Amino acid sequence: MTPETQKQLGIRPATADKLAKLHIKSLWDLALHLPLRYEDETRLTPLADVQAGQAAQVEVVVEHAEVQYRPRRQLVVKTTDAADARRVLFLRFLHFYPNQLQQMAEGQTLRVLGEVKHGFYGLEMIHPKVRSAEGAMAESLTPVYPTVNGLSQPTLRRLIRTALALLPPEDSLPPAVLAPLQLPPLAECLQLLHAPPPSLRLSEVHSGALPAWQRLKFDELLAQQLSMRLARAQRHSGRAPRLQGNGSLSSRLCAQLPFALTAAQERVLAEIRHDLAQVHPMHRLLQGDVGSGKTIVAALAAIVALEAGFQVAVMAPTEILAEQHYLKFTQWLTPLGIAPVWLSGSLRKKAKDSAKAALAEGLTPLAVGTHALFQDDVVFHNLGLVIVDEQHRFGVAQRLALKNKGAEVHQLMMSATPIPRTLAMSFFADLDVSVIDTLPPGRTPIKTKLVNQARRQEVEGFVRHTVAQGRQVYWVCPLIEESEALQLQTAVDTHAHLQSVFPDLRVGLVHGRMKAAEKAQVMQEFVSGSLHILVATTVIEVGVDVPNASLMVIEHAERMGLSQLHQLRGRVGRGAAASTCVLLFEEPLSELAKTRLKVIYEHSDGFEIARQDLNIRGPGEFLGARQSGAPMLRFAHLEEDLYLLEAARQLAPQLIEQQPQVVEQHLQRWLSGREGYLGV
Ligand code: ADP
Ligand code: MG
């Protein structure tokens, strides 16, 4: 907050610091700091009319106050309605000061406000707001604001009143814009929301349908649309190298693949190639279900850059994911004379230094790794394309680092999680999206079975049967998030157990702690068919491809997330044989686990599963970093306010084109100080 604003508000730097924690830096930020809820101190309610569960202000006379010690120290005050001594209300305080005892001396008349509940002795209020009955009644409903420690409601209220009085009264949006939407003027709305007249009921002012709230929601959605569009326009105005391949490498890669690209893959690849050939940076999201074949598309996109003589960086949010990509890219590109370099946080310093040197000098055209790729000290010789897998799993800081490093380069992001329509329209409005909507041919439907842990032996019988038919089996051990060591132990134990149950079969073990070479060795044995059963931790979640494996057993499936189960299950059903996925679970099941198992049992389409997952978990997880970086939607609700969202979407491009000064003012008000995060 500028010293000038502090002076206008009459506050000290300490208060300004507290306001800053609430993202309040300007008068407009204060004006737009709207209440979470309201209290009604404009009227008194007779106790006889108060219903349990409702908040009310009641005038009472203290009959008796005492500190009790059981079950814990507390102040209990017996009062009666000031107008009706037969009606009793107890007040209870678990935290209190000595002077509160004085305030509640026998015979005092008080106004108490709080939620009334059925207590042990009768009606009671816990920690009510207490004031003397002498003061005047409030003239408007009392707003309750989001706040931080040390910043009281009265202080906030006073500052907001001051800000409202100081702000220029004119609207940021012209009447012609507001009229068709029938939205009231902003000044009027702010006045009303910060100090609602007593004629409004609490339920009315709490309702999002109130025209004043509608106006605020609309303005907020409009600010989001404007900033998204501007961010996109800004990106499009940037320069990036025009990447056009000559086809020399890509034709060799395609010739070497054991399959032909699907029509969907060809289509998205054409979209990507088109973008890469522009002088403006690409910013494209590639969506496709697990197993839809995004990796080869990414590799062919990388090859365009390589053919054009530019470097490529491929980044994934976890080491395991990144390593899978590294193995794939190495397998595909080494025959073409290109050796990818690996860079991750866990790499030894010496190896890291040599990888960095190779990138800086341009000796290596392609790097695969984690976000270690975008540390400050990693310098590229001529980076042309960045490919980011599961981009939404990266944090804001990492994305900013990427953005800074990649301002002048093309970006391809990949995700297996579909964006619901409302999110696509709002938070992701700045992205171009390509979708791989069909799976490669030759997949067989997978039968999913839910089996209680108690029936494990039957499952072992099924394993025997599957192997007897010449097929192979994955046996996946649970993800134990708290402890990698524990997960490792479970995998080791399971491996020993299965080996003793099937002494005549070859049982392999692969886990995240093994060296890449050892892991590759075991995987190779499984791929070649010399191992019958592969016990694995969730490292095989991604990227493993063994068509002869037709059975997957997942232990403790109840502990796993939906997308993980879906990813795992996608490892079978890749050959001609009918495949089965057995989900072992242990009772008792939580409601959440039950719901998840039901969803995975009933659905095989990843987009549908992701949609259900979003329903279960809400969009927070999905938005993750994107939202926390741009906390723009405080008031609007995407589903409920779809109509306003659509209106804002229509209006934004018109305003940008015709009334840039309106756009600037509107964004100034809504986004002061947050521009840095836009478009991340
Ligand atoms: P995801 O989209 O989940 O990243 P992958 O890229 O790992 O999927 O591909 C899954 C499997 O499908 C891989 O083994 C890959 O080699 C194979 N694949 C990809 N494209 C095709 C295709 N057109 N025909 C057959 N198999 C394919
Ligand atoms: Mg993938």
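This report walks through the overall build of a predicted model and then a few local features worth a look.

## The chain as a whole

Let's start with the big picture. The chain holds 25 helices and 21 strands, and its C-alpha trace spans about 90 × 65 × 50 Å along the principal axes. Of its 680 residues, 51% count as buried.

The accessible surface comes to about 31,600 Å², with 53% of that belonging to carbon and sulfur atoms. If you take the contacts with a separation of 6 or more, residues 24 or more positions apart account for 76% of them.

## Helix α12

How many of the 14 residues of α12 are buried? The count is 13, so the helix is largely enclosed by the rest of the structure. Just after α12 comes glycine 309, which takes a positive phi of about 85 degrees.

## Where α20 meets α21

Next, a helix pair to bring up in your viewer. Helix α20 (residues 562-569) and helix α21 (residues 591-602) have axes that come within 10 Å and cross at roughly 35 degrees. The crossing of α20 past α21 is right-handed.

On the α20 side, the contact is made by Leu562, Leu565, His566 and Arg569, while α21 brings Arg596, Leu597, Val599 and Ile600. Sorted by class, that contact has five nonpolar, one polar and two charged residues.

## Cis peptide bonds

Two peptide bonds deserve a glance if you plan to inspect the backbone. The bond from arginine 70 to proline 71 is cis, with omega near -5 degrees; proline 71 sits in the loop between β2 (55-68) and β3 (74-81).

The bond from glutamate 587 to proline 588 is also cis, with omega near 0 degrees. Proline 588 belongs to the loop between β21 (579-585) and α21.

## Positive phi outside glycine

Glutamine 182, in the loop between α6 (175-178) and α7 (186-194), has a positive phi near 55 degrees. Its relative accessibility is 70%, so glutamine 182 counts as exposed.

Histidine 556 has a positive phi as well, near 50 degrees, and is found in the loop between β20 (549-554) and α20. Is histidine 556 buried or exposed? With a relative accessible area of 11%, histidine 556 is buried, because buried means under 20%.

Note on methods: Residues are numbered from 1 along each chain as its sequence is written. Chains are lettered from A and ligands numbered from 1 in the order in which they are written. This is a predicted model: local features need pLDDT of at least 70, side-chain atom pairs count only at pLDDT 80 or more; totals for chains, interfaces and linings use all residues. Side-chain values use heavy atoms; hydrogens and water are left out. Buried means under 20% relative accessible area, exposed over 50%, partly exposed in between (1.4 Å probe, protein chains only). Helices (H or I, at least four residues) and strands (E, at least two) are DSSP runs, numbered from the N terminus. Axes are lines fitted to C-alpha atoms, for helices over the stretch in contact, and angles run from 0 to 180 degrees between N-to-C directions. A crossing is left-handed if the near helix is turned anticlockwise from the far one by less than a right angle, and right-handed if clockwise. Contact means heavy atoms within 4.5 Å. Ala, Val, Leu, Ile, Met, Phe, Trp, Tyr, Cys and Pro count as nonpolar, Asp, Glu, Lys and Arg as charged, and the others, Gly among them, as polar. Accessible areas come from the Shrake-Rupley method with a 1.4 Å probe; for residues, only the protein chains shown count as cover.
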